[in-house]
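Hi,

Here is the structure we talked about passing on. My notes on cores and salt bridges follow below it.

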Amino acid sequence: MIEARHLRVLRAVATTGSFSAAGRELGCTQPAVSQQMKALEASVGTPLLIRSGREMRLTQAGEALVRHAAGILAGLTAAEEEVAAIAGLRAGRVRLVSFPSGSSTLVPTALAALRAAHPGTRVSLEEAEPPQSVAMLREGDCDVALAFRYAGAAQEGEWDDLVVRPLLRDRLVALVPERHRLASAGSVAIGELARESWIAGCPRCRGQLVQVCEGAGFTPRIDFATDDYPAVVGLVGAGLGVAVLPQLAIESVRPRGARTVTLEPAVRREIVALTLPDLAQVPAVAATLDRLAIAAGRK
């Protein structure tokens, strides 16, 4: 294996014409230069220098290696500088995947703070709901996944292979038309909405809604289903039904024509930032996790 330090010595010898001059240029002794050259020749398996008295010239193999050495060493220098920039957060890239209500609330605050502190770090954003976002992380399609799961609905060990950064516990609230009989109620039990038409959200939220309603003794009649939270709010505001949404989703839209009511007993979802163990050591990824935690009020 050819080592970079050996190439630097070879190039110095070729440029100066002697071991002693190369040693002066490199800041080492003549015997050290001789040892490095012997090690390089042993690595490539052929002589690189022809020594004749005080004169020294390159063999054909030596000339070929010197010719390539400039490009190799320049590339290594560029790589070292780029890695140092990434390690020092003067450069770097983070691919973030988030569910929509996280994209409109936590993510903008976190990324604005990250850009202000580390303007050389670039973050790309793509939207996906869990479990798709978690699968993207495991498959190498992103570096950080903002995800959620509902209390009591988590599968044992589903995130055991990942670094889990807790962000917040997001409470669900009932959303009813502003002229609904319960619009002015301080709180409502989900069973009080058993006879209503329902508007459901994403598949995971929809499954949680059915589970909570069945726990209260009824199965919700879902007339509309959409992954778009503003659409849910619009449908409720038009008097077409009721819904249960995470508080974070309500913060990201203006519920015109609708009212939020505290849901009892409380149902919450856990919002987390996920990454792989090796990625957690990358400075730009660690900084992104920190900023998400700050945006969620957890740091």
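Start with a salt bridge: the side chains of Asp143 and Arg95 meet, N to O, at 3.0 Å. Keep in mind that this is a predicted model. Asp143 sits in the loop between α7 (132–138) and β5 (144–150), and Arg95 sits in strand β3 (residues 93–98), so the bridge ties together parts 48 residues apart in sequence. Asp143 counts as buried, because its relative accessibility is 7% and the cut-off for buried is under 20%. Arg95 is partly exposed, at 22%.

The structure holds 13 salt bridges.

- Arg171 and Glu264 meet at 3.0 Å, N to O. Arg171 is in strand β6 and Glu264 in strand β11 (residues 258–264), 93 residues apart. Arg171 is partly exposed at 23% relative accessible area, and Glu264 is partly exposed at 33%.
- Arg259 pairs with Glu178, with the closest N and O atoms 3.4 Å apart. Arg259 lies in strand β11 and Glu178 in the loop between β6 and β7 (187–189), so parts 81 residues apart in sequence are tied together. Arg259 is partly exposed at 38%, as is Glu178 at 40%.

There is also a salt-bridge network, which links Arg149, Glu158 and Glu270.

Now the nonpolar side. The largest nonpolar core has 58 residues, and Leu167, Ile190 and Trp198 touch the most other members. Strand β6 (residues 163–177) supplies the largest share of this core, 7 residues. Another core lies apart from it, with 17 residues, including Ala22, Val33, Leu40 and Val66.

Best wishes

How values were computed: Residues are numbered from 1 along each chain as its sequence is written. This is a predicted model: local features need pLDDT of at least 70, side-chain atom pairs count only at pLDDT 80 or more; totals for chains, interfaces and linings use all residues. Side-chain values use heavy atoms; hydrogens and water are left out. A nonpolar core is a set of buried Ala, Val, Leu, Ile, Met, Phe, Trp, Tyr and Cys residues joined through side-chain atoms within 4.5 Å. Buried means under 20% relative accessible area, exposed over 50%, partly exposed in between (1.4 Å probe, protein chains only). Helices (H or I, at least four residues) and strands (E, at least two) are DSSP runs, numbered from the N terminus. A salt bridge is a side-chain nitrogen of Lys or Arg within 4 Å of a carboxyl oxygen of Asp or Glu.
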